[in-house]
Amino acid sequence: MQSLQKNLYNYESGPVLYETMFVWNEYLTRGIRNNLKNTLWTVALVYGFFKQVKLASSGREFRLTLIARRSRHYAGTRYLKRGVNEKGRVANDVETEQIVFEDVPEGCPVQISSIVQNRGSIPLLWSQETSRLNLKPDIILSKKDPNYEATKLHFENLVKRYGNPIIILNLIKTHERKPRESILRAEFANAIRFINKSLPEENRLRFLHWDLHKHFRNKATNVLALLIKVGVYAVNLTGIFYCQVPANLKIDGSVITSYVE
């Protein structure tokens, strides 16, 4: 329910563990946790994805772990939940973490790294009406937040969780015969420009437009190579989490079962 970096260096015991956006039974277990003043009698339910594989490169073996955690805030099915709410929570908010660590003999320190990225619905006040007859319902853009307060709150929440800089990769279409996604694209760009005016230059949102659909249609374009360039740009700005786990720290199979003090 928390990233490797938080577990290793920001670890706190007790009920604080459950005050997180990724624990779906936080409310259901709150009463017993508050009464007992511990979390020993409850299990945290995380909705997401987990996979781990063993790989080898240049004679070195390592494990690659992919974890996706879906937020319990403003959750819902497709079309019923879109955009951002007044609290700055977006629909389909998922934190994805990639962890890499070496397979080394027992007694040797383990090198381990982690990188986290976040995805979510475009943080504007917008919606779509469901229809069995229309597979692509029109996008309805609300005009009740002219100063983009909800959008601003969303990015303030991201800064609290991850720090600066915030890099936004926008993959929606640029041009359409009938404007749908492009309406959101233009409004999102306006929102970012508006928010950046009030931020110091070093903390401004980095906004990347990249029409994924357009590039996929062009068979001559190596989409993966272009996305790798975007990834390199982002990692160079944010860095990755890296540490050496001491040999005396118990590792049970592939899961660290103790924490760095």
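The questions below concern a predicted model and ask how some of its labels are reached.

User: Why is the contact of R69 and E95 called a salt bridge?
Analyst: A salt bridge needs a side-chain nitrogen of Lys or Arg within 4 Å of a carboxyl oxygen of Asp or Glu. The N to O distance for R69 and E95 is 2.6 Å, so the pair meets the rule. R69 sits in strand 2 (residues 60-70) and E95 in strand 3, 26 residues apart.

User: What makes R69 and E95 count as buried or exposed?
Analyst: Buried means under 20% relative accessible area. R69 has 3% relative accessibility, so R69 counts as buried. E95 has 4%, and therefore E95 counts as buried.

User: How do you know that K54 and D103 form a salt bridge?
Analyst: Their N to O distance is 3.6 Å, and the limit is 4 Å, so the pair qualifies. K54 belongs to strand 1, while D103 lies in the loop between strand 3 (94-102) and strand 4 (110-119). The two are 49 residues apart.

User: Why is D103 called partly exposed?
Analyst: The label covers values between the buried limit of 20% and the exposed limit of 50%. D103 has 26% relative accessibility, so D103 counts as partly exposed.

User: What makes K37 and Y148 stand out in their phi values?
Analyst: Most residues other than glycine have a negative phi. K37 is not a glycine, yet its phi is positive, near 60 degrees. Y148 is not a glycine either, and its phi is about 55 degrees. K37 is in the loop between helix 2 and strand 1, and Y148 in the loop between strand 6 (139-141) and helix 3. K37 counts as exposed because its relative accessibility is 65%, whereas Y148, at 10%, counts as buried.

User: Why is the peptide bond from N164 to P165 called cis?
Analyst: Its omega is near 0 degrees. Most peptide bonds are trans. P165 is in the loop between helix 3 (149-162) and strand 7 (167-170).

Definitions and conventions. Residues numbered from 1 in each chain as written. Predicted model: local features only at pLDDT ≥ 70, side-chain atom pairs only at ≥ 80, totals over all residues. Heavy atoms only, no water. Helix = DSSP H or I, 4+ residues; strand = E, 2+ residues; numbered from the N terminus. Buried < 20%, exposed > 50% of the residue type's maximum accessible area, 1.4 Å probe, protein only.
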